[in-house]
Amino acid sequence: MTVKPVNQKAWLLVLPVLLIVALNAIIPLMTVVNYSLQDTFSPGVFFYEGTKWYQDVLSSPRFHGALGRQFLFTGIILLIEIPLGVAVALAMPRKGPWVSVCLVLMALPLLIPWNVVGAMWNIFALPDIGLLGYGLNWLGFDYNYTQQPVAAWFTVVLMDVWHWTSLVVLLAYAGLSSIPDAYYQAAKIDGASAFAVLRYIQLPKMKRVLIIALLLRFMDSFMIYTEPFVLTGGGPGNSTTFLSIDLVKAAIGEFNLGIAAAMSILYFLMTLLVCWVFYTAMMRGDES
Amino acid sequence: MAQIKLDQLAHSYYPHPKGQEDYALKAMDYLWDDGRAYALLGPSGCGKTTLLNIISGLLKPSQGRILFDGEDMTMRTPEERNIAQVFQFPVIYDTMTVAQNLEFPLVNRGVDRAEVKKRVTEMLATLELSSKAGLRAQGLTADEKQKISLGRGLVRYDVNAILFDEPLTVIDPHMKWQLRTKLKELHQRFGHTMIYVTHDQTEALTFADKVVVMYEGQVVQIGTPEELFERPAHTFVGYFIGSPGMNILPCELRGYYAVVAGHPVVLGADYQKVSGSRVELGIRPEFVRFVRAGEQGLPVTIDAVDDVGRHRIAKVRLGGHLLNVIVPEGQEIGATDHRVVLDSNKIGIYVNDHRLQPIRFRHGAGASA
């Protein structure tokens, strides 16, 4: 038997990456873990609290409320944005001068800074001076997002759909453009209906980019903060207080470092878990 | 099953073609007989695929008509034409099983379940894919995927014609031969009109009853493999068919003989006088030989001799012109004073690339013209 020489030099090459990851991810995360297990009364004085903060968070109705709203919001926007994005991508021209026009128009919302998006919709939806708010009231709807939870939800969801459907469109369009012409020609020869083309050619070929779109949209919407914060500030009441908004309130507004740190860790683990479940479920479907 | 007629058919990919050079397909009138196997042969970009897509209905021609059994089909969809087409690269429906892929064209046409099942089972056996019927088509090899593509065309045996667009490009050489044999078998069994596009002459010559040679958007000759070899109608056919292709030498015509590089060459027939055109003499390398001792011939110098197995190919120079000579196995090439003779019965005369019909044949050469 021959013994493979062991070369430990490889570790040296990995070191820079480890350092960078440690500095920007592991160390901050461990600080948060630290906070989530300790209590403090004055700077530099910490007491070990065990899992107290976690128990507090997990049994708090406030956290349950924010978590429930978060899942509801993410669920709604995924249900709207993914099918809508695919539909828009299917309707876009595949060649000719209009392609670039459409692509630029689609990319516009993605280029606007998030707090600007929030501010735009804040004004746009105001019932007395905003085009949307005023228009809805003029049409006879009693609409005031600053006072009605349903109106606030409607506005936040609409804003997110406006802001992010483009991302799904662009990804789906990229997936569609990569389908060779021969597939469409073969489908014509085989006498396939438009629905069969969608079902058996376009959707399967778009699957990978749609998984990416779904993951990105899940993560982004699950962590949404800026736009609803600028638009509604989490209100009226707590009706649009999502997880991040609640977290920031706990950490900065109320200075509950232990609670906020425990929430952050739970939040992080949930995002990780859901993404992992999504990804493996879809990739498994791919292999069989 | 149908006879296909092209009536003044032409196509340009430009919306407003200005001249002949804008046409991918120049005006043509042809008749494709019912139940025959045709090969469309030509170099890349000569319009083969364009013509095929027009016949199948994927492309609407800029002008002219296409008729199936006398019925105008020009504006009909591929489905109405009832045509099957197999593409260069395998097209399979990833999410379906192998069997479902084969069922797809039948199910779309509302064929009843029992009939679908019977045909698919039969086709799976023909393609030797029975053991994989239940597998997802996605995980198969390129060969198998292309077999599925072929199968989706062949499973509909009531079609008017089956068109193949270089279907064996991605297939391994040994499988190529197998699949081609299979196609021939199926053709004999079902008698479909088959049109097979290829740029591989071996494929064309072995598959087809008739080979249609295309060049720069035009059909330059339709004929049996033998006709294409013996009497190319165009210098391109001579050059494209055969290995190596026909020798084409500029010449001057003097009735029953031609002058090539200052030397007279006797022809097998008399030709009319031609003036103001490019006149060339075509002779296949198979019909040029080195002279035996003491025989008369054209003086040449040898550039190189390639051994290709069954025979050798001598690349020689006659005056300024290059010429290939096939030297059969066992025949020696002398050391000095090389001379060649051309078989006068096998010589063709080409005027502006088109074969010139002789006025009359001499010493019994008529049979080969």
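## Exercises on chain B strands and the A–B interface

In β22(B), V340(B) is the bridge partner of L298(B). This is a predicted model: local features need pLDDT of at least 70, side-chain atom pairs count only at pLDDT 80 or more, and totals for chains, interfaces and linings use all residues. Residues are numbered from 1 along each chain as its sequence is written, while chains are lettered from A and ligands numbered from 1 in the order in which they are written.

**Exercise 1.** Describe the hairpin of β20(B) and β21(B).

- Step 1. β20(B) (311–318) pairs with β21(B) (321–328) in the antiparallel sense, over eight bridges.
- Step 2. V316(B) has L323(B) as its bridge partner in β21(B).
- Step 3. Two residues lie between the strands, and G319(B) takes a positive phi near 60°.

**Exercise 2.** Work out which elements of chain B touch chain A.

- Step 1. Contact requires C-beta atoms, placed from the backbone, within 7 Å. 20 residues of chain B contact 14 of chain A.
- Step 2. α2 (78–81), β6 (83–86) and α3 (98–108) of chain B each supply at least two residues of that side. Helices are DSSP runs of H or I, at least four residues.

Note on methods:
Contact = placed C-beta atoms within 7 Å. Pairing = 2+ DSSP bridges.
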